[in-house]
Amino acid sequence: MAAATTEKTTTGFFFEGETGRNTRGLLRLIILCTIAAAAIASRLFSVIRFESIIHEFDPWFNFRATKYLVQHGFYPFWNWFDDRTWHPLGRVTGGTLYPGLMVTSGVIWKLLRFLTLPVDIRDICVFMAPAFSGLTAFASYLFTSEMSDSPSAGLLAAIFMGIAPGYISRSVAGSYDNEAIAIFLLVFTFYLWIKAVKEGSIMWGALTALFYGYMVSAWGGYVFITNLLPLHAFVLICMGRFSPRLYVSYTTWYALGTLASMQIPFVGFLPIRSSDHMAALGVFGLIQLVGFAEYVRAQMPSKQFQTLLRAMVLVVFALAFGFLVLLTVSGTIAPWSGRFYSLWDTGYAKIHIPIIASVSEHQPTAWPAFFFDLNMLIWLFPAGVYMCFRSLKDEQVFVVIYAVLASYFAGVMVRLMLTLTPVVCVAAAMALSQILDTFLVASTPDEGDANKKPQANGTPAGANGSVDIKQQFANLADGLRSTKAPLVGIYSYLSKSMITGAITAYLLLFVLHCTWVTSNAYSSPSVVLASRLPDGSQHIIDDYREAYYWLRQNTAPNAKVMSWWDYGYQIGGMADRPTLVDNNTWNNTHIATVGKAMSSREEVSYPIMRQHEVDYVLVVFGALLGYSGDDINKFLWMVRIAEGIWPDEVKERDYFTSRGEYRVDDEATPTMRNSLMYKMSYYKYNDLFPAGQAQDRVRGSRLPAAGPELSTLEEAFTSENWIIRIYKVKDLDNLGRSHQEAVAFEKGNKRKKGGAGKRRGPRVLRVD
Amino acid sequence: MNLRVLGLLLALLGAVAALSAQGSKLLVVLEDEAEKSKYSQFWASLEDRGFQVTYKSPKDSSLSLFAYGEPAYSHLLVLPTKAKGLGPNLTPNLIVDFINAGSNILLALSAQLSVPSAVSSLLLELDITLPPDRNSLIVDHFNYDTQSANEQHDVLLLPSPQASRKDVKNYFSVDGLIAFPHTVGQVLGNASPLLSPVVKAPSTAYIYNPKEEFESLEDVFATGSQINIVSAFQARNSARFTVLGSVEALEDKWFDASVQLPGAGKKSEKTANKAFAQKLSAWTFKELGVLRVGSVSHYLNEGSQKGVSNTTAVGAALDINPTIYRIKNDVHYSIEMSEWENDHWAPFTPAAGDALQLEFSMLSPFWRLDLQPTAQTANSSIYSAEFKLPDQHGIFNFFVEYRRPFLTSVEEKRTVTVRHFAHDEWPRSFVISGAYPWIGGIWVTVIGWVIFVAVWLYSKPAQPKRQLKAGNVKR
């Protein structure tokens with residue numbers, strides 16, 4: 001923002017002519033560097049406040065995979081069969097991950113070592129996201145500069161992108177996730193695509209494909225590009241804007257990009273088999289037809305050709321679509337994935353795929369989130385999209401399409417706010433730069449000059465080729481009033497200063513807001529919880545790491561740990577113990593098995609745990625501290641997922657009281673109170689309180705006077721604040737009794753001396 | 001399992017003279033020092049076999065099954081007492097702990113001394129039920145000793161015990177009749193696989209309480225072969241617990257007695273009690289039926305390692321017991337098994353009609369194979385199997401689980417990872433004949449493109465005028 005001001009207010013030797021261009025270039029560079037620095041700096045809250053630590057859940061897996069890559073090299077990583085997750089199924093990890101992130105950090109690590117800078121791989125992973133956010137800011141500068149003639153638009157977009165909370169939420173230091181590099185790649189690929197469409201050059205098209213390939217290797221969200229670029233091409237064709245430039249850039253991108261994407265084992269043949277990729281293929285075919293038709297028309301021009309062409313296009317499109325449907329129905333092309341359906345019908349996942357619905361980031365976005373994540377950008381955004389319509393060239397069409405699609409998706413899924421953020425930043429920057437360009441001119445406009453005003457105050461004429469075209473265009477359409485360039489000119493210094501002042505205030509508030517949001521909402525590692533003591537000082541709750549390190553130091557290296565899948569990656573990363581299920585939810589049945597073990601009675605759960613060779617069970621329990629993200633609150637998802645596979649054995653209804661309440665106190669249903677999860681959570685919890693006073697601080701209810709009894713498990717570890725409780729699975733009883741009988745015997749209860757003689761009913765004879 | 005084997009070996013080193021595979025320290029719990037002399041032949045037999053026998057009274061305060069948290073004795077022999085219970089040092093819980101620690105117990109009962117409730121509740125934990133009446137004994141009007149119990153019919157004479165199933169080895173066969181005077185019958189629960197009868201009562205036997213005055217028996221506790229005279233329990237950790245219904249069978253008196261079955265033509269003959277007592281104590285105190293697993297090895301049976309059957313011969317070149325295989329690998333598995341026979345390890349052979357089986361399992365077995373005996377050493381036999389791994393990646397176990405009555409259990413689990421094909425392990429495209437059309441297509445396209453480019457480059461350019469015109473066509 002300061003940049004824009006600096007550029008406009010002063011005139012003189014340094015800002016005119018050839019020297020001026022150089023000076024401006026230098027300034028621009030300095031500003032961009034400053035923006036990158038700001039982007040990085042604003043993401044370091046968590047490192048300063050806590051430590052250099054990997055955050056949340058998925059990053060722990062990425063971190064573990066990166067360590068594997070660094071330790072074993074690329075090919076072992078490529079063929080990695082991970083026998084420490086999804087026990088006993090294992091996971092073909094090398095073939096089921098997007099390797100881009102790990103390989104990138106691996107390369108950086110190697111490079112630094114080559115430069116004799118031995119940096120710990122963890123630090124590279126922690127600082128990966130902030131570093132790439134600097135690059136993202138630069139990429140959005142390039143992208144916006146292609147969109148707008150205004151010199152300030154690019155810089156504004158860069159700083160918006162740099163500090164918008166919508167992007168920061170996934171890219172703070174320690175948030176070592178695929179999105180960390182994917183957003184940079186997304187924006188940069190779009191920039192290259194726009195460049196390719198503008199120039200019609202094979203080189204830019206190939207570069208687009210190259211970065212598209214990189215994007216595919218980095219994030220599953222590449223499908224967004226795979227569909228957006230064809231859509232852009234398709235819309236351009238429909239608008240009658242087919243050009244050899246489009247043909248060259250699209251075909252180059254599609255052919256090379258598809259080949260590149262197929263090199264990733266996880267993607268493999270999806271680009272030619274899955275419905276998600278069919279749009280790109282279809283447009284590729286269409287563009288050939290259109291190109292052919294254009295060629296034919298150029299050879300033999302005729303009046304009727306236009307209609308013939310349109311009809312042909314429609315027929316071919318209909319045929320291709322029908323063919324696609326046929327292939328999908330017959331199963332040659334993979335049907336749309338569940339995640340895809342849930343994009344269109346927000347209720348779909350809840351009914352059909354509880355495992356998708358159970359992820360909080362797959363929930364529909366709450367409206368305040370848009371303001372929270374984007375602040376004033378969200379109301380500048382429509383203005384920016386409107387600006388695109390004012391000079392609707394090929395690249396502006398792209399922004400419009402992107403804006404429409406991304407807004408929809410962001411409304412459906414919280415996590416897709418991430419894809420919306422870049423276009424919001426770009427559009428808002430375009431709108432804001434227009435305002436600034438109009439109001440930040442010191443000199444009063446000349447009456448006669450007014451017609452040329454919009455160009456004159458911005459780029460020096462001729463600096464950008466498109467300006468000439470625009471001018472020509474304006475001259476051409478002189479007869480039409482609507483296409484006349486509007487007369488813009490602000491004469492009063494008062495209005496100028498008022499608007500400028502207001503905008504400056506907004507911008508400053510925006511920075512404040514972004515910093516506040518980043519600091520308060522997005523900088524918690526979620527591995528370490530922070531709370532405030534009454535005196536205002538910070539209190540760190542470190543139960544997770546305490547428990548994971550207990551596992552790491554006190555259990556056998558191959559002890560299998562069963563927990564709900566949320567904690568799988570963390571156990572794998574921090575405790576280094578094999579887990580049954582983790583956040584890579586590839587096997588719904590296996591997760592349902594764990595859900596069943598958690599939600600059933602001990603007698604049912606024990607054989608399941610034996611079969612899966614479980615040694616320890618880990619539960620998260622927040623009742624003592626009032627930590628609401630605990631397993632009892634997630635419990636219904638376990639029940640639902642288990643019910644999906646075993647509808648006869650696990651029923652969600654049984655966990656609700658007759659009045660339909662989900663309770664843990666005296667009125668909890670017997671099914672609830674006998675479930676393993678309930679027992680593990682509240683086992684011995686009563687002992688902390690005076691008799692009958694046990695209180696659940698999350699659910700705000702008083703617990704039954706008698707706590708649950710466990711016979712097949714024994715408590716192994718409970719963390720300081722009881723957040724994590726670990727139980728050891730007992731071996732079968734040495735004397736062949738059931739665990740209940742064994743426990744009763746140990747407590748001194750004599751077995752009922754029924755014997756064979758006193759038994760009611762027919763005597764059961766022993767047959768040897 | 002490894003630990004257990006190691007424990008056995010250590011115990012073996014510690015007591016070379018002992019014949020037991022486990023240890024030589026034997027505690028005999030008997031109430032009266034005077035009673036000791038009644039069993040002198042039995043004690044002599046035990047001491048001859050290398051047991052260090054300690055005699056203690058249950059009232060003795062120095063009696064403790066544990067020393068410093070470890071079992072103080074490897075074996076325990078409990079004789080019946082007159083007292084109501086076994087005292088504070090032999091509570092059922094302590095005895096269960098003693099079993100859980102792997103020690104063996106021989107419990108002798110007698111119908112002449114009522115069974116303490118502590119004992120019957122302990123037996124209930126093992127799923128062995130005693131008659132509710134304390135003085136009940138087994139009576140048989142067809143198999144009694146005419147010389148000593150002509151009236152009472154409560155001294156049973158039974159032939160040598162037979163193996164109950166074909167696939168079970170018989171460790172208790174003796175020549176001649178065994179006398180069981182005043183026997184407490186036991187009824188075994190139906191569910192527990194850990195229990196097995198050693199001597200069952202004949203089909204004509206029943207349980208009878210001599211104190212009851214009734215003429216007819218309406219509600220008999222148990223009859224016929226449901227009654228067990230001697231039963232054996234082997235815990236999951238292979239600790240043995242034997243219940244002998246008649247303690248008198250161990251007395252010197254019955255070792256040398258001559259007995260006679262009722263009926264014409266039956267001769268008086270000497271009892272086989274001595275031999276039976278020897279065999280029963282030998283089995284209980286792990287001189288018999290103890291299995292040991294020696295080396296377990298598995299290796300890749302393909303490539304340069306194909307057909308290498310003798311693992312010791314090749315040595316370093318062979319990659320033994322790798323942690324990871326690939327799907328569809330051929331593998332070789334072998335296990336070395338020995339059985340303790342009184343004083344030495346001998347090669348183990350399963351009973352006829354039985355087989356040692358190997359499971360290759362993940363959640364459920366993918367293979368279940370009979371292991372074939374392939375080699376034998378002086379002390380062990382080696383069983384092996386060769387097979388192809390399933391087409392399923394995951395974490396698998398080579399699992400040998402061998403649980404048979406009267407044999408200590410064997411549970412050998414070796415976990416291996418079975419991975420998928422690596423990217424360079426698939427056959428190359430030119431090896432697959434079905435791929436030839438596509439490979440041909442690729443090369444035709446490549447060559448065609450090169451030719452096209454060449455022709456394009458060397459053809460004469462068209463008139464530049466027309467080209468410009470075509471480029472300027474307005475949309």
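Two residues are in contact if their C-beta atoms, placed from the backbone, lie within 7 Å. This is a predicted model: local features need pLDDT of at least 70, side-chain atom pairs count only at pLDDT 80 or more, and totals for chains, interfaces and linings use all residues. Residues are numbered from 1 along each chain as its sequence is written, while chains are lettered from A and ligands numbered from 1 in the order in which they are written. On the contact rule, T589(A), I591(A), A592(A), G595(A), K596(A), M598(A) and S599(A) in α29(A) meet M638(A), V639(A), I641(A), A642(A), G644(A) and I645(A) in α31(A).

**Helix α29 with helix α31, chain A**

- Helices (H or I, at least four residues) and strands (E, at least two) are DSSP runs, numbered from the N terminus.
- Helix α29 covers residues 588-599 of chain A, and helix α31 covers residues 631-645 of chain A.
- Their axes come within 8 Å and cross at roughly 120°.
- Axes are lines fitted to C-alpha atoms, for helices over the stretch in contact, and angles run from 0 to 180 degrees between N-to-C directions.
- α29(A) and α31(A) cross in a left-handed way.
- A crossing is left-handed if the near helix is turned anticlockwise from the far one by less than a right angle, and right-handed if clockwise.
- The contact of α29(A) with α31(A) has eight nonpolar residues, four polar and one charged.
- Ala, Val, Leu, Ile, Met, Phe, Trp, Tyr, Cys and Pro count as nonpolar, Asp, Glu, Lys and Arg as charged, and the others, Gly among them, as polar.

**Helix α4 with helix α28, chain A**

- Helix α4 (residues 58-72) of chain A packs on helix α28 (residues 568-575) of chain A at an angle of about 40°, and the axes are 8 Å apart.
- That angle makes α4(A) oblique to α28(A).
- Angles under 35 degrees count as roughly parallel, over 145 as roughly antiparallel, 65 to 115 as roughly perpendicular and the rest as oblique.
- α4(A) passes α28(A) in a left-handed crossing.
- On the α4(A) side the contact is made by D58(A), W60(A), F61(A), F63(A) and R64(A).
- On the α28(A) side it is made by Y569(A), Q570(A), G572(A), G573(A) and M574(A).
- Five residues of this contact of α4(A) with α28(A) are nonpolar, three polar and two charged.

**Helix α7 with helix α8, chain A**

- Helix α7 (residues 121-147) of chain A and helix α8 (residues 151-163) of chain A have axes that come within 7 Å and cross at roughly 150°.
- α7(A) is therefore roughly antiparallel to α8(A).
- The crossing of α7(A) and α8(A) is right-handed.
- Contact residues of α7(A) include F138(A), Y141(A) and M147(A), and those of α8(A) include L155(A) and M161(A).
- The contact of α7(A) with α8(A) has nine nonpolar residues, seven polar and no charged.

**Backbone details, chain A**

- Most residues other than glycine have a negative phi, and most peptide bonds are trans.
- The peptide bond from H87(A) to P88(A) is cis, with omega near 0°.
- P88(A) sits in the loop between α5 (74-78) and α6 (100-114) of chain A.
- N375(A) is not a glycine, yet has a positive phi of about 50°.
- The loop between α20 (367-374) and α21 (377-390) of chain A holds N375(A).

**Domains of chain A**

- Chain A is divided into domain 1 (197-336) and domain 2 (542-746); such bounds come from an automatic or database domain assignment.
- The centres of domain 1 and domain 2 of chain A, taken over C-alpha atoms, are separated by 51 Å.

**Chain B**

- Chain B has nine helices and 27 strands.
- The radius of gyration of chain B is 35 Å, well over the 23 Å that the globule rule gives for 475 residues, so chain B is more spread out than a compact globule.
- That radius is taken over C-alpha atoms, and the globule rule is 2.2 Å times the number of residues to the power 0.38.
- The C-alpha trace of chain B spans about 135 × 50 × 50 Å along its principal axes.
- Chain B is divided into domain 1 (2-286), domain 2 (290-419) and domain 3 (429-471).
- In chain B, 16 residues of domain 1 are in contact with 15 residues of domain 2.
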